[in-house]
Amino acid sequence: MRVRGWKGAILTAVLIASGGAATVARGGFGDRDQDARYTGRRARNVIFFIGDGMGVSTVTAARVFSVGVDGQLVMDQFPHTALSRTYASDSITPDSAPTMSAMMTGVNTNQSVIGFGESTEANDFNNDGDGDAQWTLLELAKRRGMRVGAVSTATITHATPAATYAHINQRNNENDIALQALPTDGTFNNRLGRGVDILMGGGRRFFVPNSVMDEEGVRGARTDSRDLRSEFQGAGYRYVWNTAGFSSLTPASLPVLGLFESSHMEYEFDRPTDLGGEPSLKDMTVKAIQLLEGASRRGSEGYFLHVEAGRIDHAHHAGNAYRAMTDTQELDEAIGAAAQMVDLRDTLIIVSADHSHVFNIAGYPLRPLQELPYAVRSHEPGYENAAAAGHGILDLVWDIDQSTGHVFAAPDRNGVPYTVLGYHNGPGYRAASRVDPRTDVFRGFGGVVPTGPSHPAYFQEAAVPLGSETHAGEDVTIYAIGPGADLVDGTVKNTHIFQVMKRALGIH
Amino acid sequence: METWYVRQRRIDVAVLFAALSLMPAEGIASAQSAREATNTPVITLPTRRASDTPPTPPPEVPAAADRVLAVTVSATVRRTPLNGPTQREGRTITRTFDRVHIAEKGHEWLFERNIRDHRRVSGSLIHHDARAIIAYEESDLRIMLGIRGWADVVALGFEIDTLRNHTRAEETRMIDGTRFQRYSTRQGSWMRDVWWNDEQLLVGEFTTADATGTSRFSITRIRDGIDATVLQPADSRFPTYRAFTLADWLEHR
Ligand SMILES: [Zn+2]
């Protein structure tokens, strides 16, 4: 017999007390997906966090970076975990559109497709129509009278948040995706009732005509001359674009459209430079929960909130591990804030990723000097600073000679040191002859020649020269806490997340 | 490895076994709810590493930037790696007080000064081979291309604030009626041989050097007047091209 979770302990005792030989169903999760008899405690609310591109190596590296190798991120503390298979219907390694569709609808689909099934191909290139739109969990929640919201540091029309409320055969048509959320538009997704209660993120360009400069002086991208900022306000939305407007939001403001950047929001590291001022992902998460909690009257239906850290993925594509680390850390901050705000007896929190990246933690790096359980006899200059380099993760691979106790920079076969973090492919390719990362003049972010691998501008090395680093196909982790979290177990297809959330909310 | 959670669960089970042996059957339900109330998992917010210093704000723009004449400039960029032959590229640059257009082989750039904050800039890359327009916002320009703001763009890539480190020399040079003053640079400076016009904020020539080689930018021709069509928004000039944000261009396969 095996049961999971703090609630499981109680269940164990009850089963023993009743003298039954009953076995809590475990088996394959495919079995549980078919099992409508889930009798666990119901969740009133569900918060679903996605770290876009946050594969296992990203979480591990961010843990070391943020809290040290033996520290605990907030997501690490969640009691239930599973491995999630991310493949798309037509691809071993997916993009965000089919994966978030799978997690939100329980049905897998093809690259670039949002909210349809696996017979729908990108751009309908077979001219056979898109078929039926799948129901998303956000739509099901809305149908049940729950409050719903989507928050992202990417554009709010980007594949991941869009897969909560839109259905389209090409993720890049963000101008059209915006219309599907507008209650007064002819293409509005009627399953959203009177609309999504909270939409907050970047992507103002898809709401502003291309003849108009927006509040931060950037040209819009709409080619139909429509200004959706005013159209959303006409449909009853409160529209905000900067931190001042954001701060003024109250539950009475709902529904809310917050568009804080023309394109994607700033990386967390770069956020202080923004013209209008931007809330952080944590700020947006806290605000969204306050508004949803406040608007859901006591005893009434709860809420569903999706929160995405959309730019972990972008930093990886650019080959810059630093920003992937700082944005993952910010996601963990947002998760921590949420976990402390809500009642974990009635709110299910799930954290996962849509896919991984070809991002590696390489070599056998020695921990920083201050973290070692023994004294070293001697070391090369620089090792004493490893702790400051993200607890050693943004540093060279340091090694120790076990006969002499001397710490040295681990060499490649040509005697040249290398870094802990790297990419299989991407813009960080250094051509045939590598050089010592400490003296590497390869221009990183901003054309800046970084002063070593812990510099925010450093491009980690890549083995294959590509203009953009790519996603990776291995499984990602699901973390869960709260009622229904015990259904997160084993190795599952990402569609299982939909089943867990649906089951926890008691939606049939 | 035993986590706090596994330890906690073992304790839970042990406590319940002990309690059950002492408890009448009807007491179980209330014990459950009490336990549920007290066993809510506790999340500890970790202590994290200190934040690094954020990027600096965009540089100030000299007052002369508002008065620059509309010109069309032909320029050459010569790149000489340490080991290898010099590569030469020609550019046609159209500049007004609030826009800069650069035509290069296979692609064009259009930079627009921010109308709310004149220190800031955004840009579009028109990629003719891919029939795509890629939007670069302020931070995209900064972190991908090293363009810190409008000051860097209006000066055609020359960093005006580095003039502080140079000494104005007597020597001057004329290019199509525009006079450029030579600035001498310190030994070992990464920027050398600067020829600068302070009123028009034009750099006639400058050379940058690092461990990989040198790059020299030089203006070969300056014409008054511009072709205003190239300063139109990119999507109105190329309506059939697909539009991307930079991040989505990188996502695009
Ligand atoms: Zn991606």
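**Entry 1: a loop in chain B**

Where is the place of Arg131(B)? I looked it up and found Arg131(B) in the loop between β5 (121–127) and β6 (132–136) of chain B. I reminded myself that this is a predicted model. I then checked the backbone and read a phi near 50 degrees for Arg131(B), a positive value in a residue other than glycine.

**Entry 2: a cis bond in chain A**

Next I went to a peptide bond, the one from Leu254(A) to Pro255(A), and noted that it is cis. Its omega is near -5 degrees. I also traced where Pro255(A) is found: in the loop between α9 (243–247) and β6 (256–259) of chain A.

**Entry 3: the zinc ion**

Which residues coordinate the zinc ion? I listed Asp313(A), through two OD entries, His317(A) and His471(A), each through NE2, and Glu251(B), through two OE entries. The distances run from 2.0 to 2.7 Å. I looked at the geometry too, and the site is irregular, with angles of 53 to 155 degrees among its 6 donor atoms.

**Entry 4: how I describe helix pairs**

For the remaining entries I kept in mind that two packed helices are described by the angle between their axes and the distance between the axes.

**Entry 5: α12(A) and α3(A)**

I began with helix α3 (residues 56–67) of chain A against helix α12 (residues 321–341) of chain A, which pack at an angle of about 80 degrees. Their axes are 9 Å apart. Because of that angle, α3(A) is roughly perpendicular to α12(A). From α3(A), the contact takes in Thr58(A), Ala61(A), Ala62(A), Phe65(A) and Ser66(A). From α12(A), I noted Tyr322(A), Met325(A), Thr326(A), Thr328(A) and Gln329(A). I sorted these contact residues into 5 nonpolar, 5 polar and no charged.

**Entry 6: α12(A) and α10(A)**

I stayed with α12(A) and turned to helix α10 (residues 281–295) of chain A. The axes of α10(A) and α12(A) come within 8 Å and cross at roughly 25 degrees. Are they roughly parallel or roughly perpendicular to each other? The angle is under 35 degrees, and α10(A) and α12(A) are therefore roughly parallel. The crossing is right-handed. Among the contact residues I marked Leu281(A) and Ile289(A) of α10(A), and Leu331(A) and Met341(A) of α12(A). The residues of this contact divide into 8 nonpolar, 2 polar and 3 charged.

**Entry 7: α4(A) and α13(A)**

Last, I looked up helix α4 (residues 96–105) and helix α13 (residues 495–505) of chain A, with axes that come within 5 Å and cross at roughly 30 degrees. These two are therefore roughly parallel to each other, and α4(A) passes α13(A) in a right-handed crossing. The contact is made by Ala102(A), Met103(A), Met104(A) and Thr105(A) on the α4(A) side, and by Thr495(A), Ile497(A), Phe498(A) and Met501(A) on the α13(A) side.

Notes: Residues numbered from 1 in each chain as written. Chains lettered and ligands numbered in written order. Predicted model: local features only at pLDDT ≥ 70, side-chain atom pairs only at ≥ 80, totals over all residues. Heavy atoms only, no water. Axes fitted to C-alpha atoms, helices over the stretch in contact; angles between N-to-C directions. Helix = DSSP H or I, 4+ residues; strand = E, 2+ residues; numbered from the N terminus. Parallel < 35°, antiparallel > 145°, perpendicular 65-115°, else oblique. Left-handed = near helix turned anticlockwise from the far one by under 90°. Contact = heavy atoms within 4.5 Å. Donors = N, O, S within 2.8 Å, 3.2 Å for Na, K, Ca; no water. Tetrahedral: all angles 85-135°; square planar, octahedral: opposite > 155°, others 65-115°. Nonpolar A, V, L, I, M, F, W, Y, C, P; charged D, E, K, R; others polar.
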